[in-house]
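Open the model in your viewer and keep the sequence panel beside it. We will go from the whole chain down to single residues.

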Amino acid sequence: MSIEPSAGEHLLPARRALADDVYDAVLGLLMDQVIEPGSRASIDGIARQLGVSPTPVREALARLESEGLVVKKALKGYTAAPLLDSEGLRELFEMRRLLEPYAARHAAGEIDAETLDQLEQLCEDMHRSGQASHSGDDRFKDYKDFANQDAEFHRLIAIHSGNGLLADAIVRLRPHLHQYRIYFTHGVVDETSGEHEAVLEALRAGDGPRAEKAMRNHLTTSYARISSSLKAAEAR
């Protein structure tokens with residue numbers, strides 16, 4: 001995990017690379033529930049497990065706290081945030097259905113050609129990444145690219161809505177959703193890709209009402225998939 005700078009290499013880029021590597025590793029521990037929801041996330045324990053000093057682990061946990069994936073308590077340190085229950089998931093998607101269709105409607109006609117091409121590339125990348133997911137025991141590692149590309153697709157639309165506060169609110173909801181993505185089955189890949197493509201087609205056409213409807217349909221079916229998987233997991 002540690003990164004040693006070669007001769008003549010600046011320490012700052014290596015320092016940043018290490019911080020990113022540790023963040024990804026700790027995120028993986030949380031997503032795969034190696035650090036179980038509600039349990040303590042020991043800085044020293046994680047550092048020993050990853051073979052790094054406590055400093056980048058502390059930085060990673062601070063970053064994860066800002067994303068809502070860990071909670072810092074006075075005199076107790078960090079704990080993994082509890083998973084949302086079925087009611088919490090319903091509230092999350094209720095928020096998303098209030099915000100994201102509106103953002104898609106207002107982004108239509110405002111997104112430039114370069115960003116539309118980025119969205120198309122993300123759709124293609126998600127299909128490839130999703131097909132490669134669930135290939136081993138390390139579920140989050142397999143799923144990480146798909147989840148990140150999905151998040152970027154929604155982020156790009158949000159930031160072109162013309163409302164910075166709205167975009168920020170949408171982006172902040174994403175880490176909570178990632179806690180449920182690991183329950184997905186192979187079928188979600190083609191379904192999500194098709195739903196995203198419908199949103200993209202509406203955005204390319206500059207059709208706000210159509211983009212709004214396509215985004216709402218996507219979120220409704222996404223909620224149904226995740227809710228079903230969550231209920232099955234809770235029943236085990």
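**Stop 1: colour by pLDDT.** This is a predicted model, so start with confidence. The chain averages a pLDDT of 85. A value of 70 or more is reached by 82% of its residues. Now select residues 2-13. Here the pLDDT is below 50. Leaving aside near neighbours in sequence, this stretch makes 9 contacts in the model. Where pLDDT is low, the coordinates should not be read in detail.

**Stop 2: switch to cartoon.** You have 9 helices and 3 strands on screen. Trace them from the N terminus: the order is α-β-α-α-β-β-α-α-α-α-α-α.

**Stop 3: show the surface.** The accessible surface of the chain is about 12100 Å². Carbon and sulfur atoms account for 51% of that area. Of the 236 residues, 46% count as buried.

**Stop 4: display contacts.** Take the contacts between residues at least 6 apart in sequence. Of these, 74% join residues at least 24 apart.

**Stop 5: select the strands.** In what order do the 3 strands lie in the sheet? They run β1-β3-β2, in an open sheet with antiparallel pairing. Pick 40-41 for β1 and 70-73 for β2. These are the edge strands, and each pairs on one side only. Strands of a sheet pair through backbone hydrogen bonds.

**Stop 6: zoom in on β1 and β3.** Select residues 77-80 to get β3. β1 and β3 pair in the antiparallel sense over 2 bridges. Finish on R40: T79 in β3 stands opposite.

Definitions and conventions: Residues are numbered from 1 along each chain as its sequence is written. This is a predicted model: local features need pLDDT of at least 70, side-chain atom pairs count only at pLDDT 80 or more; totals for chains, interfaces and linings use all residues. Side-chain values use heavy atoms; hydrogens and water are left out. Helices (H or I, at least four residues) and strands (E, at least two) are DSSP runs, numbered from the N terminus. Buried means under 20% relative accessible area, exposed over 50%, partly exposed in between (1.4 Å probe, protein chains only). Contact means heavy atoms within 4.5 Å. Accessible areas come from the Shrake-Rupley method with a 1.4 Å probe; for residues, only the protein chains shown count as cover. Two strands pair if DSSP finds at least two bridges between them. pLDDT is the predictor's confidence in each residue, from 0 to 100.
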